Structure formats: C-alpha cells, structure tokens
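Here's a friendly walk through one protein chain. Have the viewer open and follow along, section by section.

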Amino acid sequence: QVQLVESGGGLVQAGGSLRLSCAASGITFSSYIMAWFRQAPGKEREFVGHISWSGGTTYYADFVKGRFTISGDNAKNTAYLQINSLKPEDTAVYYCTVRKSLREEYAYWGQGTQVTVSS
C-alpha cells in the first residue's frame with residue numbers, strides 16, 4: 001500500500017521559513033518524479049515544483065522565485081520543501097504527489113499539510 005505523508009506545516013509570521021516533509025512508504029522515491037502542489041482557500045490546486053531523482057533535476061513554478069527549494073533523502077525515502085521569506089499569500093494546504101514520468105498522471109497524493117502565514 002502506497003502512502004505519502006506530509007508534515008511540517010504550521011502557523012508562521014511573514015518573513016519566516018518552514019521545511020515541509022513528505023515521507024513515502026510502499027514506493028521508492030528514486031523511481032518517481034515527486035512534486036509539490038498547494039491549494040489556497042477558494043483557489044484551485046497549483047503546481048509548486050518537482051524533483052526527478054533519476055536526472056537529479058528540479059523544476060519550479062514561476063511564482064517560486066527562488067524562495068522554495070525541493071530536495072530529497074533517498075535513504076529516508078523522504079522529500080522536502082524548504083520555503084523561505086514566507087508571505088501571507090503562501091497560506092495554503094501543501095500536498096506531495098508522485099508520478100513515474102512526465103508523460104504519466106500523478107499516481108498518489110498525500111493528505112496535505114496546512115501552512116498559515118500571518119502578516
């Protein structure tokens with residue numbers, strides 16, 4: 001059974017930082033492309049970025065503008081999303097998800113972790 005479990009969210013003041021984690025079981029992260037999405041209240045879910053272990057590459061949405069960094073620990077089968085210089089507009093539920101390749105749909109999703117940024 002595949003599970004993705006996000007953690008690390010919380011309430012933080014604007015300008016602060018958070019590191020979100022996505023722990024996987026039932027799959028090996030290195031065989032997948034792992035992505036982060038977020039969904040703010042009243043808005044559609046939007047892509048944040050992804051990491052491809054096979055190519056060792058990352059890709060980010062334009063709005064990230066250097067504030068977000070995706071990384072991973074193969075030994076722990078865990079991926080991370082470091083968010084710096086948090087803004088109130090970063091308030092959202094953050095989700096991790098995986099897919100086998102860019103040509104395939106995202107196969108599994110976590111339950112999400114809430115990030116709330118106060119001004």
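## Getting oriented

Strands here are DSSP runs of at least two residues, numbered from the N terminus. Keep in mind that this is a predicted model.

## Arg67, a charged residue tucked away

Let's start with Arg67, which you'll find in the loop between strand S6 (57–60) and strand S7 (68–73). Is Arg67 buried or exposed? Its relative accessibility is 10%, and since buried means under 20%, Arg67 counts as buried.

So who are its neighbours? Setting aside residues up to four places away in sequence, Arg67 touches Gln82, Ile83, Asn84, Ser85, Leu86, Lys87 and Asp90. With Asp90 there's a polar contact from side chain to side chain, at 2.8 Å.

## Rings that find each other

Now for the aromatics. Searching the whole structure turns up seven aromatic pairs. One of them is Phe37 with Tyr106: the ring centres are 5.2 Å apart and the planes sit at 85°, so this pair is edge-to-face. Phe37 belongs to strand S4 (residues 33–39), while Tyr106 is in the loop between strand S9 (92–99) and strand S10 (108–109), so the pair ties together parts that are 69 residues apart in sequence.

Another pair, Phe47 and Tyr59, is tilted, with 6.1 Å from centre to centre and 35° between the planes. Phe47 sits in strand S5 (residues 46–52) and Tyr59 in strand S6, 12 residues apart. Phe47 is partly exposed, at 22% relative accessible area.

The charged end of Arg45 sits over the ring of Trp109, 4.6 Å from the ring centre. Arg99 does likewise with Tyr106, its charged end lying over that ring at 4.3 Å from the centre.

In soluble globular proteins, nonpolar side chains tend to be buried together. In this model, the largest nonpolar core has 29 residues, and the members touching the most other members are Leu4, Phe29, Met34, Trp36, Leu81 and Tyr94. Which elements give two or more residues to this core? They are strand S3 (18–25), S4, S5, S7, strand S8 (78–83), S9 and strand S11 (113–118).

Beyond its neighbours within four places in sequence, Met34 is in contact with Cys22, Phe29, Gly49, His50, Ile51, Trp53, Ala79, Cys96, Thr97 and Val98.

Strands S7 and S8 run antiparallel and are joined by six bridges. For instance, Thr69 has Gln82 in S8 as its bridge partner. Gln82 is also one of the residues that Arg67 touches. Four residues lie between the two strands of this hairpin, where Asn77 takes a positive phi near 50°.

Most residues other than glycine have a negative phi, and most peptide bonds are trans. Lys65 isn't a glycine, yet its phi is positive, at about 50°. Lys65 lies in the loop between S6 and S7 and is exposed, with 71% relative accessible area. Ser85, also not a glycine, has a positive phi near 50°. Ser85 is in the loop between S8 and S9, and at 40% relative accessibility it counts as partly exposed.

Definitions and conventions. Residues numbered from 1 in each chain as written. Predicted model: local features only at pLDDT ≥ 70, side-chain atom pairs only at ≥ 80, totals over all residues. Heavy atoms only, no water. Buried < 20%, exposed > 50% of the residue type's maximum accessible area, 1.4 Å probe, protein only. Polar contact = N/O pair within 3.5 Å; in protein donor to acceptor, adjacent residues only side chain to side chain. Contact = heavy atoms within 4.5 Å. Phe/Tyr/Trp six-rings, centres within 6.5 Å; stacked < 30°, edge-to-face > 60°. Lys NZ or Arg CZ within 6 Å of the ring centre and 35° of its normal. Core = buried A, V, L, I, M, F, W, Y, C linked by side-chain atoms within 4.5 Å. Pairing = 2+ DSSP bridges.
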